[in-house]
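The following note sets out numbered points for a colleague who is examining the coordinates. Each point takes up one element or one group of interactions.

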Amino acid sequence: MYIGIDLGGTNIAVGLVTDDGKIIKSGSTPTLLPRDYKEIVSDMAKLSEKIVAEEGLTMADIDGIGIGCPGSVDSRNGVVAFSNNLKMEHTPLVAEMKKYFNKPINILNDADAAAYGEYMINGNNVDSFIFITLGTGVGGGIIINKKVYSGFNGAGGELGHITLVHNGIPCNCGNIGCWEAYASVTALIRQTKEAMEKYPDSKMNEIAAKDGKVNGRTAFAAAKAGDKAGNEVVKQYIEYVASGLVSIINIFQPEKIVIGGGISREGDYLLNPIKDYCNKHEYNKYLEKTELSIATLYNDAGIVGAALSCKK
């Protein structure tokens, strides 16, 4: 039995996770930034104890605690090197958590945690696996030889920040032309709004008005309803996503890539054209190809991955 913690800028989510990756109890509490990291760790500890007690267990029944955290993480030393979201720098998160629990405690980047969660549940025990999440940004994680790969310094795996377009659109990271600036849901919303202004008679305007805002499903819903402008937005967006995936496939040739994030709920409507594009444009034409599929854990991936990262 393990505790998995997904430490985010808005909420702290904690789950009690079995050895086979099933969450049997979970809970959350606001992160309440900005505040001192010691207060955040205190809340993580209290919530962990609470969900364990609610299952009639004690912390003595817990074999390890895993923490997924945004930013650059030094897993070896248990330190958050830098997290803009959490306003942490050289923060000894594991040492602070050990003041509450004398347990094996592991910390890793939140995208790596989500990748490991999807790998453990959907990886089919392959040796090489990559997880891509399409959300506010484009995140990801790399599994090589069944272990998370994060570079020699823990800062690797920033797949959303490969350059897709030279001298392209500015990215929130400070660079320009990043894949994230074209393939995130944030980018999709921007692309949708631009098309709505250009085509005021598009069904996208009607759908957005009904929803009260433009979101990631606006263009997809319009395209499914036969709207030409919506279809153009979706087609272009999928090509942006697939173009980045082609580069990743060409570099790593992983056995499996799983696509997650909110937009992945579009399922085969998103996946099938991505497969077609990758098959057409990837370098490998003659050998066995990377399997592409949709994630299944959604928001639970980080909790499951963080928890199972403690397994020996």
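**Notes on helices, strands and salt bridges**

1. Helix α8 comprises 25 residues, and the distance from its first C-alpha to its last is 36 Å, close to the 36 Å expected at 1.5 Å a residue. It should be kept in mind throughout that the model is a predicted one.

2. Just after the helix comes Q253, which adopts a positive phi of about 45 degrees.

3. Helix α6, residues 203-211, has M204, I207 and A208 among its buried residues. Viewed down the axis of α6, the buried residues fall within an arc of 100 degrees, and they therefore line one face of the helix. On the face of α6 turned away from the buried side are the exposed residues E206, A209 and K210.

4. What do the buried residues of α6 pack against? Their partners are α5 (185-198), α7 and α8 (228-252).

5. S202 caps the N-terminal end, a side-chain oxygen being placed 3.0 Å from the backbone nitrogen of M204. After α6 comes G212, with a positive phi near 85 degrees.

6. Strand β1, residues 2-7, is mostly covered, as 5 of its 6 residues are buried. It is joined by 6 bridges to strand β2 (residues 11-17), and the two run antiparallel. Together β1 and β2 make a hairpin, with 3 residues between them.

7. Strand β1 also pairs with strand β4 (residues 64-69), here in the parallel sense and over 5 bridges. I3 illustrates both pairings: in β2 it stands opposite L16, and in β4 its bridge partner is I65.

8. Turning to charged side chains, the count comes to 13 salt bridges. In general, side chains of opposite charge can pair when their charged atoms come close. R35 takes part in two of the pairs described here: with D43 the closest N and O atoms are 2.6 Å apart, and with E39 they are 4.0 Å apart.

9. E39, at 43% relative accessibility, counts as partly exposed.

10. A further salt bridge links E266 and K224, with the closest N and O atoms 2.6 Å apart. E266 lies in the loop between β12 (256-260) and α9 (268-281), whereas K224 belongs to helix α7 (residues 218-224), so the pair ties together parts that are 42 residues apart in sequence. E266 is itself buried, its relative accessible area being 16%. Elsewhere, salt bridges with shared partners join K25, K50 and E54 into one network.

Technical notes. Residues are numbered from 1 along each chain as its sequence is written. This is a predicted model: local features need pLDDT of at least 70, side-chain atom pairs count only at pLDDT 80 or more; totals for chains, interfaces and linings use all residues. Side-chain values use heavy atoms; hydrogens and water are left out. Buried means under 20% relative accessible area, exposed over 50%, partly exposed in between (1.4 Å probe, protein chains only). Helices (H or I, at least four residues) and strands (E, at least two) are DSSP runs, numbered from the N terminus. The arc is that of the directions from the helix axis to the C-beta atoms. Contact means heavy atoms within 4.5 Å. A polar contact is a pair of N or O atoms within 3.5 Å; within protein, one must be able to donate a hydrogen and the other to accept it, and residues adjacent in sequence count only if both atoms are side-chain atoms. Two strands pair if DSSP finds at least two bridges between them. The expected span of a helix is 1.5 Å times one less than its number of residues.
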